[in-house]
Amino acid sequence: VRPSHAGHESFMLAEIGEQPQALRRTLRAQSAAHAIGEAPWETLAGARSVSFVGCGTSHHAALVGRYLLESWGGLRAEVDVASEWRHRDPDVGPGDVVLGITQSGETADTLGALRLARERGAHVLGLTNVPGSQITREADGTILTDAGTEVSVAATKTFVTQIAALAGLALRTGVARGVLEPARAALLADGVERLPDVVAQAQEAAAAPVARAVERWAEEPFFLFLGRHVGLPVALEGALKLKEIAYVPSDAYAAGEMKHGPIALLSEGTPVICVATESPVLDKLRSNVAEVRARGAHVLAIATEGCAGSIADEADELVLIPPTDVLLSPVPAIVPLQLLAYGIARARGLDPDRPRNLAKTVTVE
Ligand code: G6P
């Protein structure tokens, strides 16, 4: 796919809008069980554990991947940022798998982590968007996303396709390990296949509430993002987008940890973004949102249609995303947060495609 933002004001907005097609292409490649080198699901079928490593947005996709591989794949999984993992004497060896996630396939710390993994005798897998990139040459097996070239420095469509690819990998792994009944696997596969439509619906649902939030909050000096369970990686990714392209100081926290510090940051009118999608801990998140509101903060909540419940009463703005399997919810849930960061950057007169100090590909440590 040739990069172009014809008809859009920027690459980033074009790439946010292209997410349904990027997902459709990625899922098509997945259903053909396409991989370079050894088939990653076969490697994982006999593995003792999987460690995900990645940087930036790819690290956030890895945090979702941990839930998917543990829950659907029946495999012990851990995650770390590549630049930390590789310098902490990680306990991996034969029988373990280290899976590097990097959309560019060239990030120095991620490649460095994989080299260390190989030295220690672990199996090395990759997930990338660029065929022929360095990771495809170094890993024993690589899964490809097919998001098309991502030009914008801030990753968007590569993030959602990474999660979709990890979901496909977790499904195949779960079936191969005998932990997923065929009927359940078919149901989950159906949910994965629906992701392109779900994302298109989330884009539509987000437009009006996000525009109001941008108007209200464009000049705010600080944002707090909260989430729990798979909503936490979404909160982390939403805050990262806002820092990267709008230069707004923001923090993302596990909502249950708020009482151990970040709640002190709240005052009258502080914008708080809550990823309050369906999850096994939604009730607990509801009380976190109530605590935030009691401190005078203003809340934008991302909730799931049909289970917004009392979240709707606590929120100043609400974006309702279509229901999905809980572990797939980060895919539609990130869309409003991408649009929020984009809208705030534009409202501040910034060019989202050219954020200061950042590079699309980081080939130095
Ligand atoms: C840079 C980019 C980020 C990206 C990160 C990891 O910092 O600005 O958008 O998430 O690198 O890149 P990778 O290619 O390894 O996914």
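**The chain as a whole**

Modeller: For 365 residues, a compact globule would have a radius of gyration near 21 Å, and the protein chain has 19 Å, which agrees; the radius is taken over C-alpha atoms, and the globule rule is 2.2 Å times the number of residues to the power 0.38. This is a predicted model, in which local features need pLDDT of at least 70 and side-chain atom pairs count only at pLDDT 80 or more, while totals for chains, interfaces and linings use all residues. Residues are numbered from 1 along each chain as its sequence is written.

Colleague: What percentage of the 365 residues in the protein chain is buried?

Modeller: A residue is called buried if 20 or more other C-beta atoms, placed from the backbone, lie within 10 Å of its own, exposed if 12 or fewer do, and partly exposed in between. The C-alpha atoms fill a box of roughly 55 × 40 × 40 Å along the principal axes. Of the 365 residues, the buried share is 56%.

Colleague: Which elements do the buried residues of α12 pack against?

Modeller: Helix α12 covers residues 282-294, and its 13 residues reach 18 Å from first to last C-alpha, close to the 18 Å expected at 1.5 Å a residue, where the expected span is 1.5 Å times one less than the number of residues. Its buried residues are L282, L285, N288, V289 and V292. Seen down the helix axis, these fall within an arc of 105°, so they line one face of α12, the arc being that of the directions from the axis to the C-beta atoms. With contact meaning C-beta atoms, placed from the backbone, within 7 Å, the buried residues of α12 pack against β7 (223-227), β9 (271-276), β10 (298-304) and α13 (309-314).

Colleague: Which exposed residues does α12 carry on the face turned away from its buried side?

Modeller: Just after α12, G296 takes a positive phi of about 90°. On the helix itself, the face turned away from the buried side carries the exposed residues D283 and A294.

**Two packed helices**

Colleague: At what angle do α10 and α14 pack?

Modeller: Two packed helices are described by the angle between their axes and the distance between the axes. Among the residues that meet are V198, A202 and A206 in α10, and V335, L339 and G343 in α14. The axes of α10 (residues 195-217) and α14 (residues 330-347) are 8 Å apart, and the helices pack at an angle of about 35°.

**Individual residues**

Colleague: Is H229 buried or exposed?

Modeller: H229 is found in the loop between β7 and α11 (231-246). Its phi is near 55°, a positive value in a residue other than glycine. Because 24 other C-beta atoms lie within 10 Å, H229 is buried.

Colleague: Which residues does T361 touch, not counting those up to four places away in sequence?

Modeller: T361 is found in the segment after α14, and with 14 other C-beta atoms within 10 Å, T361 is partly exposed. The C-alpha atoms of T361 and Q103, 258 residues apart along the chain, are separated by 9.1 Å. Leaving out residues up to four places away, T361 touches S104, E106 and T107.

Conventions. Helix = DSSP H or I, 4+ residues; strand = E, 2+ residues; numbered from the N terminus. Contact = placed C-beta atoms within 7 Å. Axes fitted to C-alpha atoms, helices over the stretch in contact; angles between N-to-C directions.
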